[in-house]
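Dear colleague,

Please find below the structure for your records. A summary of the findings follows it.

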Amino acid sequence: MKQFLTLLVLVIFLSDFHTLSAQETASSQEEIPSNYKKRNPIYDYSEKHLNNVDTIPDFASRTTKLKITGTIYESDGVTPAQNVLLFIHQADEDGNFELKRENKKRYVHHRGWIRTDADGKYTFYTFVPGSYIYGNELRQILPVLKEPGKPEYAIESFVFDDDPQLKDSCRERIEATNPNRILKLDKKEGLFVAKRDIILGKEIAAEY
């Protein structure tokens with residue numbers, strides 16, 4: 001009889017554990033949107049409440065640490081834009097986009113998100129990306145914006161004033177259309193700093 005009771009308790013425990021595990025699995029699956037794999041990575045942030053400062057993975061271990069600050073303005077170029085989501089991603093210091101996988105979706109490891117508050121200001125702590133050794137592409141940080149109530153859109157990339165690949169013809173073209181794209185680095189206490197203001201709707205990436 002004692003053995004029977006022990007067996008019965010064990011069966012009930014295992015049954016409860018299986019039910020709980022199934023519920024947790026189902027709950028986890030329900031939290032992943034049906035369009036998760038195809039949607040823009042601007043929506044893939046994990047924080048429940050984004051603020052206007054973020055740090056890119058591996059910042060602390062990089063030799064070219066970079067602090068980017070700026071203000072996002074409404075289309076008038078004067079009014080600070082509140083509650084705007086800004087996502088960036090970039091290559092590593094060797095010019096490679098390090099890819100990882102989560103929930104069967106690949107993503108660029110070096111990425112981050114901010115959401116502006118009432119003053120429209122934002123800050124990213126990141127590092128200067130490198131140039132791909134077998135190519136002649138510019139060193140770039142790639143941004144995507146999401147205004148409240150509107151679809152997301154890519155804006156023109158951040159490029160670097162001291163980049164050898166920023167040839168005169170390319171520089172002149174950028175300076176004639178949007179000189180804010182070119183980050184001029186100033187080093188302070190071992191940290192590069194740069195400013196990048198953004199005006200909503202004024203610099204949508206041509207390829208987007």
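The secondary structure of the protein comprises two helices and 14 strands; helices (H or I, at least four residues) and strands (E, at least two) are DSSP runs, numbered from the N terminus. This is a predicted model, in which local features need pLDDT of at least 70 and side-chain atom pairs count only at pLDDT 80 or more, while totals for chains, interfaces and linings use all residues. Residues are numbered from 1 along each chain as its sequence is written, and side-chain values use heavy atoms, with hydrogens and water left out.

Of the 208 residues in the protein, 39% are buried (under 20% relative accessible area; exposed is over 50%, and partly exposed lies in between, with a 1.4 Å probe and protein chains only). The accessible surface of the protein is about 12900 Å², and carbon and sulfur atoms supply 52% of that surface (Shrake-Rupley method, 1.4 Å probe; for residues, only the protein chains shown count as cover). Among contacts (heavy atoms within 4.5 Å) with a separation of 6 or more, 70% join residues 24 or more positions apart.

Ile32 lies in the loop between helix H1 (2-31) and strand E1 (53-55). Its relative accessible area is 32%, so Ile32 is partly exposed. Ile32 and Asn103 are 71 residues apart in sequence, and their C-alpha atoms are 8.4 Å apart in space.

Arg106 belongs to strand E5 (residues 105-108). Arg106 counts as exposed because its relative accessibility is 54%.

Yours sincerely
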